[in-house]
Each structure stands twice: as structure tokens, then as C-alpha cells.
Amino acid sequence: KSGCALVEVTRMMYQAGSFDDLEAYINEQSESRQLAVWWARFCESRGDIKRAQACYDKAGDVLSVVRIHCAMQNYSAAEEEVIRLADP
């Protein structure tokens, strides 16, 4: 196995504009944190902040979740995320 299927399938679906299929594929690949973060960034770039935040959360990207909370001026939620991370 070359290990490039994940990247190539994603690239082909993206180029074809099959975003619903791409999202389903990414959700099936739950072990790929890198792919989940990429999808979150894609959603954020398209203005879908709620979906992006959910994807960042699923990927465990606390910094991005806190960044989004701060950008939306939801400082109490950002503080809660930081406290949750600091208190194992």
C-alpha cells in the first residue's frame, strides 16, 4: 500500500465538487485527524462556522475551537474549553 488513497480520494471528490460525498467520506475516515482538520478548515473558509467548530472539536483541535469562540466574542465558552483541557 502506498498510503496515498486518503489524499487522492479526497482530491478527486473536491475537484469534482462532490462536497456531500466528500463530507461522508471524511466522516467514515474517523481515524484521520489530519483529514478532519482539513475539512474543518474548508468549512470555516466557506463561512460554515458551526460545522467547522464541530469538526475541530471532533479532531481534538482545542486551539481552533478556542480561536473560533474568541472570534465570535464568546469568551466564556473559550475559557471553558481551556479549563476543560487543563483539568484532565
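This report describes the helices, core and salt bridges of a predicted model.

## Basis of the description

Because the model is predicted, local features are required to have a pLDDT of at least 70 and side-chain atom pairs count only at pLDDT 80 or more, whereas totals for chains, interfaces and linings use all residues. Residues are numbered from 1 along each chain as its sequence is written, and side-chain values use heavy atoms, with hydrogens and water left out.

## The nonpolar core

The largest nonpolar core has 16 residues, and within it Ile26, Trp39, Ala52 and Tyr56 touch the most other members. A nonpolar core is here a set of buried Ala, Val, Leu, Ile, Met, Phe, Trp, Tyr and Cys residues joined through side-chain atoms within 4.5 Å, where buried means under 20% relative accessible area, exposed means over 50%, and partly exposed lies in between, using a 1.4 Å probe and protein chains only. At least two residues of this core come from each of H2, helix H3 (33-45), helix H4 (49-59) and H5, the helices being DSSP runs of H or I with at least four residues, numbered from the N terminus. H3 supplies the largest share of the core, seven residues. In soluble globular proteins, nonpolar side chains tend to be buried together.

Ala52 is in contact (heavy atoms within 4.5 Å) with Ala40, Cys43, Glu44 and Ile68, when its neighbours within four places in sequence are left aside.

The buried residues of H4 are Ala52, Gln53, Cys55, Tyr56 and Ala59. Seen down the axis of H4, these buried residues fall within an arc of 165 degrees, so they line one face of the helix; the arc is that of the directions from the helix axis to the C-beta atoms. They pack against H3 and H5, while the face of H4 turned away from its buried side carries the exposed residues Lys50 and Lys58. H4 is followed by Gly60, whose phi is positive, near 80 degrees.

## Salt bridges between helices

The structure holds five salt bridges, each defined as a side-chain nitrogen of Lys or Arg within 4 Å of a carboxyl oxygen of Asp or Glu. Side chains of opposite charge can pair when their charged atoms come close. One of these salt bridges joins Glu23 to Arg51, with the closest N and O atoms 3.4 Å apart, and the pair links distant parts of the chain, since Glu23 lies in helix H2 and Arg51 in helix H4, 28 residues apart. Glu23 is buried, with a relative accessible area of 17%, whereas Arg51 is partly exposed at 36%. Glu23, Asp48 and Arg51 are linked in a network of salt bridges.

Arg67 forms a salt bridge with Glu44, the closest N and O atoms being 2.7 Å apart. This pair also links distant parts of the chain, with Arg67 in helix H5 and Glu44 in helix H3, 23 residues apart. Both partners count as partly exposed, Arg67 at 38% relative accessibility and Glu44 at 22%.

Within helix H6, Glu81 and Arg84 lie three residues apart, about one turn of the helix, and their side chains meet in a salt bridge with an N to O distance of 2.6 Å. Glu81 is buried, with a relative accessible area of 15%, whereas Arg84 is partly exposed at 48%. Not counting residues up to four places away in sequence, Glu81 touches Val62, Val65, Val66 and His69. Glu81 and Glu28 are 53 residues apart in sequence and 26 Å apart in space, C-alpha to C-alpha.

Gln73 lies in the loop between helix H5 (62-71) and helix H6 (75-86). Although Gln73 is not a glycine, it has a positive phi of about 60 degrees, and with a relative accessible area of 61% Gln73 is exposed.
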